[in-house]
Amino acid sequence: AQSVTQPDIHITVSEGASLELRCNYSYGATPYLFWYVQSPGQGLQLLLKYFSGDTLVQGIKGFEAEFKRSQSSFNLRKPSVHWSDAAEYFCAVVGGSNYKLTFGKGTLLTVNP
Amino acid sequence: DGGITQSPKYLFRKEGQNVTLSCEQNLNHDAMYWYRQDPGQGLRLIYYSQIVNDFQKGDIAEGYSVSREKKESFPLTVTSAQKNPTAFYLCASKQGPLDGYTFGSGTRLTVV
């Protein structure tokens, strides 16, 4: 069965600093990977997804993620964080016979002014 | 605009009562999902449905029930058998097998 690990429960960065959120997956076949963002009390919004091809994918809000098969990772990055990026971020992988999404436990991002 | 509507946003329930959470989508998506979210535990799958009149248990189905009589609607009933029902519940849908999910804005259920 597929699984996702987000090693960092909580990350704090200063506004304007760069950001990298880590995600490691476990899946036997070609993974289909997603990053979502959730503001407090809201649903999840899709930031970006990776299916195949170029291993660096661009998403909304200036985010990008790089797929590294050798490291089983799909880390999310942003060159310069804005205060509005404070939220919880979830990595997910789809797989199995029913193509369900399996989510990591999330990383809470705090942005200091 | 197409999307998923969950209602109500906040719900209070007395112990021993059943309560139904609504989820409606106008995206014409085939598959729909219910997740439960608790602090520090991420999203856990309760039930999912890939087509009308069919649904499957997820990882934590005990104490919950669903129906899928219409493509647009996938209500979740939290029964009195659910021991810890206080949580944030999220409904989602998707069209194709490899598509990302579209989420509703959630219902926060509190048992008082």
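Is A:C23 buried or exposed? In this predicted model, A:C23 has 0% relative accessibility and therefore counts as buried. The views below show the disulfides, of which there are two over all chains.

**View 1. The disulfide of chain A joins A:C23 to A:C91.** The two sulfur atoms are 2.0 Å apart, and a disulfide requires them to be within 2.5 Å. The angle about the S-S bond is -65°, and the link of A:C23 and A:C91 is left-handed.

**View 2. The partners A:C23 and A:C91 sit in separate parts of chain A.** A:C23 belongs to the loop between β3 (19-21) and β4 (24-26), while A:C91 is found in strand β10 (residues 87-95). The pair therefore ties together parts that are 68 residues apart in sequence. A:C91 has a relative accessible area of 0% and is buried. For A:C23 the relative accessibility is also 0%.

**View 3. The disulfide of chain B joins B:C23 to B:C91.** From S to S the distance is 1.9 Å. About this S-S bond the angle is -75°, and the link of B:C23 and B:C91 is left-handed.

**View 4. The partners B:C23 and B:C91 come from distant parts of chain B.** B:C23 lies in strand β3 (residues 19-25), and B:C91 lies in strand β9 (residues 87-94).

Conventions. Residues are numbered from 1 along each chain as its sequence is written. Chains are lettered from A and ligands numbered from 1 in the order in which they are written. This is a predicted model: local features need pLDDT of at least 70, side-chain atom pairs count only at pLDDT 80 or more; totals for chains, interfaces and linings use all residues. Side-chain values use heavy atoms; hydrogens and water are left out. Helices (H or I, at least four residues) and strands (E, at least two) are DSSP runs, numbered from the N terminus. Buried means under 20% relative accessible area, exposed over 50%, partly exposed in between (1.4 Å probe, protein chains only).
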